[in-house]
Amino acid sequence: MSTPEFDRRYGWIDPEIRELAVAAVREILPHVRSLWAACNKVSQQFSVHPNTIKNWYQKAVADDEGAPQAGSNLELAAAREQLRALQQLNADLVAALKDRARP
């Protein structure tokens, strides 16, 4: 019998692998059109159904933000992830421009 921590279908996947999958979604998310596209790409790498990856991501985002899990919250969380990535990119670009402007 599996523990509540492990999904019955994917009992061979431990929490560390789930964290890696969620991290992969976070890394890919700014470069694809949707959360589903990111989960689909990651699912191919981990040989896990995209819905499972999406559920892991949704739980991780909810745990990070303390937000309740729901479809609309999932979309909001994806938008927040994209916003964070864009803010970091913007900060990097501003720093690069400042460095170029210095004599």
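Contact here means heavy atoms within 4.5 Å. By that criterion, and leaving aside neighbours within four places in sequence, I53 is in contact with A21, V25, C39, V42, S43 and V48. The structure is a predicted model, in which local features need pLDDT of at least 70 and side-chain atom pairs count only at pLDDT 80 or more, while totals for chains, interfaces and linings use all residues. Residues are numbered from 1 along each chain as its sequence is written, and side-chain values use heavy atoms, with hydrogens and water left out.

**Overall architecture**

- The protein has 4 helices and 0 strands (DSSP runs numbered from the N terminus: helices are H or I, at least four residues; strands are E, at least two).
- Along the sequence the pattern reads α-α-α-α.
- Of contacts between residues at least 6 apart in sequence, 43% join residues at least 24 apart.

**Burial and the nonpolar core**

- Of the 103 residues, 29% count as buried (buried is under 20% relative accessible area, exposed over 50%, partly exposed in between; 1.4 Å probe, protein chains only).
- The largest nonpolar core has 22 residues, of which V25, L35, V42, I53, W56 and Y57 touch the most other members (a core is a set of buried Ala, Val, Leu, Ile, Met, Phe, Trp, Tyr and Cys residues joined through side-chain atoms within 4.5 Å).
- Two or more residues of this core come from each of α1 (15-28), α2 (35-46), α3 (50-65) and α4.

**Salt bridges**

- The structure holds 3 salt bridges (a side-chain nitrogen of Lys or Arg within 4 Å of a carboxyl oxygen of Asp or Glu).
- E81 and R26 pair at 3.6 Å, N to O; because E81 lies in helix α4 and R26 in helix α1, the pair ties together parts that are 55 residues apart in sequence.
- E81 is buried, at 13% relative accessible area, whereas R26 is partly exposed, at 26%.
- K59 and D63 meet at 2.9 Å, N to O; both lie in helix α3, 4 residues apart, about one turn of the helix.

**Surface**

- The protein exposes about 7,300 Å², of which carbon and sulfur atoms supply 53% (Shrake-Rupley method with a 1.4 Å probe; for residues, only the protein chains shown count as cover).
- L86, L89 and L93 make a nonpolar surface patch of about 290 Å² (patch residues have over 30% relative accessible area and no salt bridge; nonpolar side chains, namely Val, Leu, Ile, Met, Phe, Trp and Tyr, are joined within 5 Å, and like charges within 9 Å).
- L89 lies in helix α4 (residues 71-101) and counts as partly exposed, at 46% relative accessibility.
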